[in-house]
Amino acid sequence: MRRSFPLLTVAVLIALFSPAVGGAANPAPQPQQLSVAHESAVEGAEQRGEPVAKSAKKDKAHEVRAATGTKPVPTEPAPTEQAIEGAKPWRHGNKYYSSRVVVSPEPRKVSATVQTETKSEAEERTDYVAKLRARSFDRDAEAVATCWYDTPGADAGDGAVLDHMNWCKVARVTYVSEECDSSNPTSCTPVGTVDFRARFIGSGNQGNASAAERKLSITVVLDDPKPSGAPRMTDPMTVAGVCDTVTSTTPACTPGGTTSKTLQAWMTPATGTAWLTFTSSEGSLTGDKLGFYGFGTKFSGNKSSVTESGTLFRCDSATYLDYHYGCVFKDVDDVFTLTVDSEVKESADLIWTAQHRPNETFPISEESKSIPGSVASRHPLRRTTAANQEGNRNESIKQCKIFFGQKYSRGGRDCDEYPYASTVEGSKTGAVGTAHYAAQPLNAAQNQKAGNRLNVFFNDQRILREEDSFYVKLVDVAGNDYAGPTKPSGVATPVTYPQCQSSALPDVQSIQTQAPPVDRFLNYAKTTPDGWTGGDSTYSVKLPDGRIAYLFSDTFLGPLNSDGTRPTSAKFVNSSIVIDNNGTLSTITGGTKSNPKALMPPAIDNRWYWLGDAMIANVGGTSYLQVMFQEYRGTHDGSALPFAFARNVVATFSLDDLSTPIWIDPLPSGIGVAWGSALLPASRSGDGYTYIYGVSNDRTNKKMHIARVKGSDLTKVDDWQFLRTDVTGDNWMRAESQGDTIVPGVANEYSVTPWNNQFVVISQDSTEAFSNKIRIWSGCSAYGPFGYWVDHDEVYRMPETGPWGSYGDPNIFAYNPHAHPVLQAGDRWTLSYNVNSFDSSVSSTGTHYRDPSVYKPRFISFRLVPSSTVTRSSKQFQLIE
């Protein structure tokens, strides 16, 4: 009869991916294989010139990071038990015993949350968190709850890194008691088991006391014991930490907290926990004194042991953080979650727009913009150096000045940017061009508050310069994904149409060509050494001191040649102002005399601004000149007009310096309407509103659009209202997209002017391309409805156009007439129109160089009187509906 000899062997088999206890053994990991460094960490060490331990260079494909920023690591081979050198058989009485510990995956609770926990679960978690705090572990309660109930990625070999400060892993631990054959102690039969749930909960650490704060803590909790058979309760099991370095220059890591207890003690809730620590010294490290390590948890008995791998962690001594020393989990792209509330809303709106609608951000870009940092982009941000941060800030401020004016900071505004200046992806260091970032002035207090929250995140998560990556996520105060900024929409107020105090239709009489101030401009062009010699648009504004400012788009500058031709070296700018001071003209441009530029220089290549109407605005009790501009871009499509509308802005100029705008404000531009075809200031509208007129983006038969704003400041864009006519009733709407067309057949530039208690529109007829006809409409209000006198709506025919025109040149065309109220005297009105040529060649035989008279405004005057026979009620009157 064979006798049984008492032999006790405690073995730990971690079989995370084996569905059955006691599966086939895998090759045992060597001690140096405990680290679970990602290639990113190894590559980072190599780039810094640090020698990397061979054990760190693991050849494995990494999974795509999860939406939370967590990076699960692929399955590791299940480690098998290792013999403990010098182990002796364990005899009890006249029998030999052994025991084994098997670890297998824990079924996950997919939807478990703190809110759905049972009363007993809540008490269990509360007690556990209290126990953690009693041991001076500063853990985030939410992270503990996540680890406690639903560990993300627990089926991966290295668990899940929730953020830099929290790591989780979960498994089932089964303790197997065996009785062995006395004649063959290696032949053992199970006599009982205890099945535990094992939870590994890791916590980073940071502090200022000393380099001893460079440590990591791992709590190993064995709970939910389920005994079966006759397990031996006095059998011991030891839980200890094992640590490994990633680079050969990294100081050694010191594990602590080894715990040895009986099976009975591990089954007792009050004592079923091991508290492991891993400490790193600074050694001879420099800079942030980075040390990279891997850790594991070793379960052992008297005969064998096995180590379950943890994940990569990093220790540092970064003195620019609030806490100078610390260790964190490395294997994660953290997520900075910014809660959008009233303190940071403007900054959050900029981030949201950059992440979701980058092409709506500034600076503009000819190429489609792609801005990193959102989880969806899969392109995290990485913190950069202080020097790079300063460079990014300066570049963003430069762009804010270009796109929002030299004094963009008015009203307490900062130039905010995204990605943050503190990241590698910032405006200057992120890439060449402007397609990778957004910059915009916004409320300084909100910008600074958002920056403070980012710095708190940097410090709490130990985000190091040139080392750590993170995503940016926006949530509302309820914790849901932020839906983005809301724009004004809906009805602002119903339209009320006044009755005409006079119903007589306007009658054009006594036309005079070559009207003043045409000779003044011709003489000036002949004699100026560097001023205006030709231009188009030709708007006019009377300044508060009585001077008249004539505003031009594309402008040639002097001098002309002695024979009256234009040198091919003549300077050319996209906008200028000519000041008429009691008959003496002078030219204002941007730039310098030797290097003149447009009043609004192009912000980027292939873009330029042409100006629209202008007015004197009162902002905070001070008068300014506000000028509408439309930005255009080249299409290079070979057409006669190879350009397309891009967007609208209003530029505000100090009356002391009309060469450079102090503020530039973007205007509604979402539906292709070029705003600024005409302006009717509140001082002349009669109802306290300034009316802004626009034109649709059609090649022919262009349509009028109308907007308005209370007062005389065009920059109050959120207060703009847009006219919508509808069979159910006309309304002023809050959104540009909700407005509609009013008058068909207008041109890009026209005028709306008070007359005889009515309002008249003067414009080129655009129902046919390059028409030479100037028409007139009238209405009882600044917003219509407008109509015209059938067969009597013609003001003038521009004689220069086409092969049968006064130049006899098919390339010549006339365009954009509008009235000049500043030149009005009684019932005599003055209008201007422009003449141009499709011949844009730069040569002595080119139209603009051999004959400078072409590219100049023409002025005509006429009497505009009430008809004595036709009224709005006459059948000759056609109302536009």
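A disulfide is a pair of cysteine sulfur atoms within 2.5 Å. That cut-off applies at several stops of this tour, which runs through a predicted model.

**Stop 1: Cys-400 and Cys-415**

Select Cys-400 and Cys-415 and show their side chains. The two sulfur atoms lie 2.0 Å apart, and the pair forms a disulfide. Cys-400 sits in helix α6 (residues 386-404) and Cys-415 in strand β19 (residues 413-418), so the link joins distant parts of the chain, 15 residues apart. The torsion about the S-S bond is 80°, and the link is right-handed. Both Cys-400 and Cys-415 are buried.

**Stop 2: the whole chain**

Zoom out and colour by secondary structure. The chain has 10 helices and 51 strands. Of its 881 residues, 56% are buried. Now consider the contacts with a separation of 6 or more: 68% of them are between residues 24 or more positions apart. Switch to a surface view. The chain exposes about 36600 Å², and carbon and sulfur atoms supply 49% of that area.

**Stop 3: Cys-315 and Cys-327**

Return to the cysteines. The disulfide count is five, and one of them is formed by Cys-315 and Cys-327, with sulfur atoms 1.9 Å apart. Which hand does this disulfide have? The torsion about the S-S bond of Cys-315 and Cys-327 is about 105°, so the disulfide is right-handed. Cys-315 belongs to strand β15 (residues 304-316) and Cys-327 to strand β16, so the pair ties together parts that are 12 residues apart in sequence. Cys-315 has a relative accessible area of 0% and is buried. Cys-327 is also buried, with a relative accessible area of 0%.

**Stop 4: Cys-500 and Cys-780**

Select Cys-500 and Cys-780. These two form a disulfide with sulfur atoms 1.6 Å apart. The torsion about the S-S bond is -105°, and the link of Cys-500 and Cys-780 is left-handed. Cys-500 is in the loop between β22 (491-494) and β23 (504-512), whereas Cys-780 is in the loop between β45 (773-779) and β46 (786-789). The link connects distant parts of the chain, 280 residues apart. Is Cys-780 buried or exposed? Cys-780 has a relative accessibility of 15% and counts as buried, because the limit for buried is under 20% relative accessible area.

**Stop 5: Val-795**

Next, select Val-795, which is placed in strand β47 (residues 794-797). At 2% relative accessibility, Val-795 counts as buried. Which residues does Val-795 touch, not counting residues up to four places away in sequence? They are Val-508, Ile-511, Ile-774, Arg-775, Ile-776, Leu-831 and Phe-862.

**Stop 6: Arg-199 and Asp-223**

The remaining stops concern charged side chains. Side chains of opposite charge can pair when their charged atoms come close. The chain has 31 salt bridges. Select Arg-199 and Asp-223, whose side chains meet in a salt bridge at 2.5 Å, N to O. Arg-199 is part of strand β7 (residues 188-203) and Asp-223 of strand β9 (residues 215-229), so the pair ties together parts that are 24 residues apart in sequence. Arg-199 and Asp-223 are both buried.

**Stop 7: Glu-467 and Lys-330**

Move to Glu-467 and Lys-330. Their side chains meet in a salt bridge at 3.6 Å, N to O. Glu-467 lies in the loop between α7 (444-460) and β21 (469-475), and Lys-330 in the loop between β16 (325-329) and β17 (334-339), so the pair ties together parts that are 137 residues apart in sequence. Glu-467 counts as buried at 13% relative accessibility, and Lys-330 counts as buried at 11%.

**Stop 8: Lys-703 and Asp-698**

Select Lys-703 and Asp-698. The pair forms a salt bridge, with the closest N and O atoms 4.0 Å apart. Are these residues buried or partly exposed? Lys-703 is partly exposed, with a relative accessible area of 23%. Asp-698 is partly exposed as well, with a relative accessible area of 28%.

**Stop 9: a salt-bridge network**

Finally, select Glu-366, Arg-607, Glu-631, Arg-633 and Arg-647 together. A network of salt bridges links these residues.

Note on methods
Residues numbered from 1 in each chain as written. Predicted model: local features only at pLDDT ≥ 70, side-chain atom pairs only at ≥ 80, totals over all residues. Heavy atoms only, no water. Helix = DSSP H or I, 4+ residues; strand = E, 2+ residues; numbered from the N terminus. Buried < 20%, exposed > 50% of the residue type's maximum accessible area, 1.4 Å probe, protein only. Contact = heavy atoms within 4.5 Å. Areas by Shrake-Rupley, 256 points an atom, 1.4 Å probe, with all protein chains shown as cover.
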